[in-house]
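I opened the model today to look up helix faces, a pocket and a few single residues. My notes follow the order in which I checked them.

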Amino acid sequence: MERKKKLKKEIIELFGGKCSKCGYNKCMGALDFHHEGRKEEAISRLIKNNSREKILKEAKKCILLCANCHREVHNSDP
């Protein structure tokens, strides 16, 4: 569990530590990785048992969004 939190925190910091849409930065648990490119695997699954390099390779396809903005992106009308 500690490894997972440490890796997520490190990757969030690499992405600027805040939601790229609204700037939210209060709770790390409320920040999500939203894939903009072809998704191979969810970042949360990769963080559990994969190398830092594999996680970063997939994370480069993402932007960092807070939970609210992430839901808006997936539920907005076309």
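Which exposed residues does the face of α1 turned away from its buried side carry? I found Glu-2, Lys-6 and Glu-13 there. Buried stands for under 20% relative accessible area, exposed for over 50%, and partly exposed for what is in between, with a 1.4 Å probe and protein chains only.

Before going on, I noted that this is a predicted model, in which local features need pLDDT of at least 70 and side-chain atom pairs count only at pLDDT 80 or more, while totals for chains, interfaces and linings use all residues. Residues are numbered from 1 along each chain as its sequence is written, and side-chain values use heavy atoms, with hydrogens and water left out.

**Entry 1: helix α1**

I took helices (H or I, at least four residues) and strands (E, at least two) as DSSP runs, numbered from the N terminus. Helix α1 covers residues 2–14, 13 residues in total. From first C-alpha to last it reaches 18 Å, close to the 18 Å expected at 1.5 Å a residue; the expected span is 1.5 Å times one less than the number of residues.

I listed the buried residues of α1 as Leu-7, Lys-8, Ile-11 and Ile-12. They lie on the same side of α1 because their arc around the axis is only 135 degrees. The arc is that of the directions from the helix axis to the C-beta atoms. The cover over these buried residues includes β1 (31–35), α2 (43–49), α3 (52–59) and β2 (62–66). Gly-16 follows α1 and has a positive phi, near 100 degrees.

I then looked up Ile-11, which is in helix α1. Ile-11 counts as buried because its relative accessible area is 2%. Leaving aside neighbours within four places in sequence, Ile-11 is in contact (heavy atoms within 4.5 Å) with Phe-33, Ile-47, Ile-55, Leu-56 and Ala-59. Ile-55 is 44 residues from Ile-11 along the chain, and their C-alpha atoms are separated by 8.7 Å.

On α3, I found Ile-55, Leu-56, Glu-58 and Ala-59 buried. Their arc around the axis is only 165 degrees, so they are on the same side of α3. The face turned away from that buried side carries the exposed residues Glu-53 and Lys-57. Among what covers the buried residues of α3 are α1, β1, α2 and β2.

**Entry 2: the loop between α2 and α3**

I checked Asn-50 and found it in the loop between α2 and α3. Asn-50 counts as buried because its relative accessibility is 18%. Not counting residues up to four places away in sequence, Asn-50 touches Arg-3, Arg-45 and Ile-55.

Ser-51 is in the loop between α2 and α3. Ser-51 counts as partly exposed, at 36% relative accessibility. I noted 9.9 Å between the C-alpha atoms of Ser-51 and Leu-7, which are 44 residues apart along the chain.

**Entry 3: the largest pocket**

How many residues line the largest pocket? I noted 17, of which Lys-8, Leu-31, Phe-33, Ile-43 and Ser-44 lie nearest its centre. The elements giving two or more residues to this lining are α1, β1, α2 and α4 (67–75). β1 supplies the largest share, five residues.

A pocket here is an open set of points on a 1 Å grid over the protein atoms alone, where a 1.4 Å probe fits, with protein on both sides within 12 Å along at least five of seven lines; lining residues have an atom within 4 Å of a point.
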